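Student: Please take a close look at one part of this structure. I would like the local contacts spelled out, residue by residue.

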Amino acid sequence: MRRACVIAGLATLFFAHPTLAEPLTISATPISSFNTDDPTDIRFGPLTYLSGLTLSSRHAAFGGLSGLSVTDGGKAVLMVSDTGYWVRASTVMTDGRLTGLTDAEIVAMQDSGGVEVVGKEAADAEALAILSEGPFAGQALVAFEREDRIARYDLASNLSAPAVPLETPDGFSDLVTNQGIEGLVALSDASPKHPGALLAFAEEMAEEGTPIAAWVIGGPMPGRFAVSQIGGFAITDAVQLPSGDILLLERRFRPPATLHIALRQLAVADITPEDTVDGKRIAEFDLRYQIDNLEGMALHTDSEGRAILTLISDDNYNPLQRTLMLQFEVDPEAL
């Protein structure tokens with residue numbers, strides 16, 4: 001889907017890159033019914049649909065959102081675009097449901113020298129994770145594809161923080177162009193087998209059915225492992241569940257217009273370098289549902305103690321696609 005969109009590839013040629021954070025007005029249209037045929041259909045295995053928004057803005061750089069973090073107990077969101085922008089906003093909640101975004105700002109990402117990252121090859125940010133523990137707690141990790149790398153950002157003062165490159169493991173150079181790291185998970189210090197490690201998941205390998213490359217970075221058992229590819233689905237993001245397990249967001253697009261989105265649960269204890277992990281599919285959606293090119297995912301606990309899963313879609317700067325933000329409550333007992 002992303003590769004089919006010429007607009008996305010040319011977008012950076014026309015943007016006036018904001019080098020300082022600019023105010024951003026984001027319009028939000030509610031999605032009242034996730035199932036377009038049946039508004040009462042809201043339960044999907046362990047997930048209950050809460051609310052959704054179609055987001056838009058007149059700012060030319062808004063779009064292409066590929067990485068997401070929900071912070072401050074659900075009061076704010078931080079996003080990265082695959083053209084090299086940070087987007088940050090406060091959430092508007094009504095009766096426990098997301099109804100809008102406000103106080104938003106946008107700024108171009110910086111390289112390690114404090115210079116804005118320009119051009120699709122360098123600016124293709126695809127995954128975002130916030131460190132919650134350790135000496136860099138609160139800082140952001142971002143994975144880029146094409147020029148495959150991971151960088152850390154201290155955003156405490158502003159969104160124009162320079163990148164701090166992380167050493168990446170062997171094998172990153174083997175990733176297929178435009179199919180690099182799409183999911184980052186900073187594991188908690190209490191995670192079994194891999195306390196404090198970083199998990200990095202590639203999108204897919206060259207051929208359908210080939211296991212998908214992934215890495216454990218740091219921790220007591222670093223190394224490369226693989227995730228089985230099921231039905232031609234590619235990984236687009238990952239988060240850690242309250243149980244400690246990993247939830248994968250996956251997408252399958254078959255031209256001209258067949259799209260499926262799936263969620264798969266992996267047990268952290270099953271992840272071992274040199275092995276392939278399968279996991280289990282917990283939900284799958286087709287175009288009967290309000291989906292698009294979902295590429296970002298975040299999990300947070302709200303003020304009521306609920307585990308809330310948030311998804312964001314990359315519209316590819318294509319007027320035929322949408323930027324969607326969807327929220328579901330996760331029932332830990334049903335996983």
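What follows looks at one serine and then at a set of paired strands.

Tutor: Keep in mind that this is a predicted model. Start with S313. It sits in strand β23, which spans residues 307-313. Is S313 buried or exposed? Its relative accessibility is 0%, so S313 counts as buried, the cut-off being under 20%.

Now take its side chain. A polar atom there lies 2.8 Å from the backbone oxygen of R322. The side chain of S313 also reaches the backbone nitrogen of L324, at 2.7 Å. So which residues does S313 touch, once neighbours within four places in sequence are set aside? The contacts are L65, D292, N293, L294, E295, R322, T323 and L324.

Next, the strands around β8. Strand β8 covers residues 97-108. Strand β1, residues 22-24, pairs with β8 in the antiparallel sense, over three bridges. Within that pairing, L24 has A104 of β8 as its bridge partner. Strand β7, residues 85-94, also pairs with β8. That pairing is antiparallel too, and it runs over nine bridges. Here T91 stands opposite L101 of β8.

Finally, the turn. β7 and β8 form a hairpin with two residues between the strands. In this hairpin D95 takes a positive phi, near 55 degrees.

Methods. Residues are numbered from 1 along each chain as its sequence is written. This is a predicted model: local features need pLDDT of at least 70, side-chain atom pairs count only at pLDDT 80 or more; totals for chains, interfaces and linings use all residues. Side-chain values use heavy atoms; hydrogens and water are left out. Helices (H or I, at least four residues) and strands (E, at least two) are DSSP runs, numbered from the N terminus. Buried means under 20% relative accessible area, exposed over 50%, partly exposed in between (1.4 Å probe, protein chains only). A polar contact is a pair of N or O atoms within 3.5 Å; within protein, one must be able to donate a hydrogen and the other to accept it, and residues adjacent in sequence count only if both atoms are side-chain atoms. Contact means heavy atoms within 4.5 Å. Two strands pair if DSSP finds at least two bridges between them.
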